[in-house]
Amino acid sequence: MLSNIFDSVLTNGVITGSGFAMCTICSLICGLFIAALYMIRRRYSQSFILSLVLLPVIVEIVIMLVNGNLGAGVAVAGAFSLVRFRSAPGRGQEITSIFLAMAVGLATGMGYIGIAVIFTLIVAGAGLILHLTNFGGKENETRVLKITVPEDLDYEGRFDDTFKDYLERYELAEVKTTNMGTLFKLEYEIVMQKGKSIKSFMDNLRTKNGNLEISISRNLTKQEEL
């Protein structure tokens with residue numbers, strides 16, 4: 001009985017009405033499940049979520065239409081490559097979810113409903129658990145600190161005592177001039193100590209840079225890295 005789960009509902013590759021309906025419904029359910037799990041504690045757009053829901057069904061239909069035709073399969077591969085180059089780059093989690101949705105569509109398109117469901121539960125569930133447990137993530141979050149100082153201010157070592165009081169780690173990443181050379185902009189990569197107030201930290205820095213511009217932001221440049 002258990003072995004029947006891994007059998008295809010399409011006998012000898014023949015597409016029937018009942019087989020088509022079963023595969024399509026399974027694709028939609030798996031797509032909804034993948035999208036729902038992705039929405040948990042992640043940033044997303046509505047268009048991306050809708051794509052995750054509908055992508056398994058689209059891939060399923062394409063695989064059913066190909067149905068062992070080598071020439072049609074090559075044409076479909078070329079079409080998918082064009083879609084890839086016309087799409088914006090994404091984060092690792094987004095690309096993984098898209099590949100998962102495509103794999104589910106491939107499975108249901110060949111009639112392997114049981115494999116598609118089990119595969120969705122295992123991979124999507126494992127991805128959610130790893131995300132919620134912050135597996136592979138850094139405990140301390142790196143931020144970017146930008147301090148503007150006058151050109152006549154000796155900034156080297158001026159902020160070290162404040163940094164030691166509020167920061168767990170800091171590193172000067174960039175120094176550049178601005179405003180026709182009358183100002184310096186210092187950029188640091190910092191990690192705040194737990195429980196320390198960002199407002200108090202910035203107020204302390206303002207007393208040492210002539211009350212010029214200071215900003216602290218999250219390091220967003222790493223979001224597109226895989």
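This tour goes through a nonpolar surface patch and then the salt bridges of a predicted model.

Residues are numbered from 1 along each chain as its sequence is written, and side-chain values use heavy atoms, with hydrogens and water left out. In this predicted model, local features need pLDDT of at least 70 and side-chain atom pairs count only at pLDDT 80 or more, while totals for chains, interfaces and linings use all residues.

**Stop 1: the nonpolar patch**

Select Ile5, Phe6, Phe33, Ile115, Val117, Ile118, Phe119, Leu121, Ile122 and Val123; they make a nonpolar surface patch of about 760 Å². Patch residues have over 30% relative accessible area and no salt bridge, with nonpolar side chains (Val, Leu, Ile, Met, Phe, Trp, Tyr) joined within 5 Å and like charges within 9 Å. Accessible areas come from the Shrake-Rupley method with a 1.4 Å probe, and for residues only the protein chains shown count as cover.

Now colour helix α5, residues 113-132, which gives the most to the patch, with 7 residues. Helices (H or I, at least four residues) and strands (E, at least two) are DSSP runs, numbered from the N terminus. Centre on Ile118, which is found in helix α5. Ile118 counts as partly exposed, because its relative accessibility is 32%; buried means under 20% relative accessible area, exposed over 50%, and partly exposed in between (1.4 Å probe, protein chains only).

**Stop 2: Lys208 and Asp161**

The model has 3 salt bridges, each defined as a side-chain nitrogen of Lys or Arg within 4 Å of a carboxyl oxygen of Asp or Glu. Select Lys208 and Asp161, whose side chains meet in a salt bridge at 2.6 Å, N to O. This pair links distant parts of the chain, 47 residues apart: Lys208 is in the loop between α7 (198-206) and β4 (214-218), and Asp161 is in helix α6 (residues 160-166). Lys208 is buried at 16% relative accessible area, whereas Asp161 is partly exposed at 42%.

**Stop 3: helix α7**

Which residues are linked in a network of salt bridges? Select Lys199, Asp203 and Arg206 to show that network. Asp203 meets Lys199 at 2.9 Å, N to O; the two are separated by about one helical turn, because they are 4 residues apart in helix α7. Asp203 also forms a salt bridge with Arg206, with the closest N and O atoms 3.0 Å apart. Arg206 and Asp203 lie 3 residues apart in helix α7, again about one turn.

Finally, colour these residues by accessibility. Lys199 is exposed at 58% relative accessible area, Asp203 is partly exposed at 27%, and Arg206 is partly exposed at 39%.
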